[in-house]
Amino acid sequence: MGAGRFAPSPSGDLHLGNLRTAILAWLFARSTERKFLMRVEDLDRARAGAEARQLSDLAAMGLSWDGEVVRQSERSDLYAAALDGLRDRGLLYECFCTRRDIADAPSAPHAAPGTYPGTCRDLTEAERAAKRELRPAALRLRTEVDSFTVTDELHGAYTGVVDDFVVLRNDGVPAYNLAVVVDDGIQGIDQVVRGDDLLSSAPRQAYLAKLLGYGIPAYAHVPLALNSEGKRLAKRDGAVTLAQLAAEGIDADAARAVILASLGLPTSSIYAALAAFRPASLPTDPWVFTRSPDARGTGKPIGWPS
Ligand SMILES: [Zn+2]
């Protein structure tokens, strides 16, 4: 049996867009007889108390997960072992570049913006020794491709850039791309459902998964929630977290109903939604969460049950 997952960063309260993605990840996993795992991505940006509030909000949505919650901060040994294996195969090299160095470096013709130009790929040992005196090194993956193609449930075949991306940051913290791939591989996750802002990361991650001998998961990158200005929904947009909504008298059941309605699913319960869930009929446009005062001037967003 495979597994899907939700992997929040405990940087603050989840908002309606995050909760919608979590619900979708649960629906995808449960509708395909998979386990559903919860992984807290707390390698940085962890705020005290945020994890407990996030898990409580997810439970209030009606979501349940299998097994214990996994925390990236407790898995350093696994990331170190993966890095050792890559190093032994000659697939890592030290990079001393600042962001500025990378932005200023001449890039190869036709290279995608932001692609690492390979500055440190072929330094001599003497050059590396001199640079180590000035700045701690990050570790980059020595890749053998320029791009990689993944298959996505909503986006079809998606080809994206694979450059020599960072796998260990120069502050010693495993890079997001490494930690995610190692975790998904070790946890047996074969279905990744997350916001479509991460679609462009999928080719790098799939390439690394292949290098590490893990299967490449099935992907579904789902549309994000936007505010009325078309920007990504954020807490400053007002009452968008369950705590903020509760202060206005809108409970978790009502919030879940609005999310399920936005997905074209029955709103009476999460299980009614599960029974009706068909990935092919999901909306592929972003969810624009408007918050215009209604005719009675209550300030509730359009679409809220009155
Ligand atoms: Zn470099």
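Student: What spacing do the donors of the zinc ion follow along the chain?
Tutor: They follow C-x1-C-x18-Y-x3-C. Keep in mind that this is a predicted model, where local features need pLDDT of at least 70, side-chain atom pairs count only at pLDDT 80 or more, and totals for chains, interfaces and linings use all residues. Residues are numbered from 1 along each chain as its sequence is written, and side-chain values use heavy atoms, with hydrogens and water left out.

Student: Which atoms are the protein donors of the zinc ion?
Tutor: C95 (SG), C97 (SG), Y116 (OH) and C120 (SG), at 2.1 to 2.3 Å from the ion. Donors are N, O and S atoms within 2.8 Å of the metal (3.2 Å for Na, K and Ca); water is not among the atoms, so sites may look incomplete.

Student: And what arrangement do the four donor atoms make?
Tutor: Tetrahedral, because their angles at the zinc ion run from 102 to 122°. Four donors count as tetrahedral if all angles lie between 85 and 135 degrees. Ideal angles for four tetrahedral donors are 109.5 degrees.

Student: Are C95 and Y116 buried or exposed?
Tutor: Both are buried. Buried means under 20% relative accessible area, exposed over 50%, partly exposed in between (1.4 Å probe, protein chains only).

Student: What sits over the ring of Y116?
Tutor: The charged end of R140, 3.5 Å from the ring centre. The rule asks for NZ of Lys or CZ of Arg within 6 Å of the ring centre and within 35 degrees of the ring normal.

Student: New topic: how many aromatic pairs are there?
Tutor: Four. Rings of Phe, Tyr and Trp (its six-membered ring) pair if their centres lie within 6.5 Å; planes under 30 degrees apart count as stacked, over 60 as edge-to-face and the rest as tilted.

Student: Why is the pair of F148 and Y207 edge-to-face?
Tutor: Because their planes stand at 70°, with the ring centres 6.0 Å apart. F148 is in strand β6 (residues 147–152) and Y207 in helix α7 (residues 202–211), so the pair links parts of the chain 59 residues apart. Helices (H or I, at least four residues) and strands (E, at least two) are DSSP runs, numbered from the N terminus. Both F148 and Y207 are buried.

Student: Now the sheet. In what order do the three strands come?
Tutor: β1-β2-β3, in an open sheet with parallel pairing. Two strands pair if DSSP finds at least two bridges between them.

Student: Which strands stand at the edges?
Tutor: β1 (3–6) and β3 (70–71). Each has a single partner strand, so one side of each has no neighbour in the sheet.

Technical notes: Tetrahedral: all angles 85-135°; square planar, octahedral: opposite > 155°, others 65-115°.
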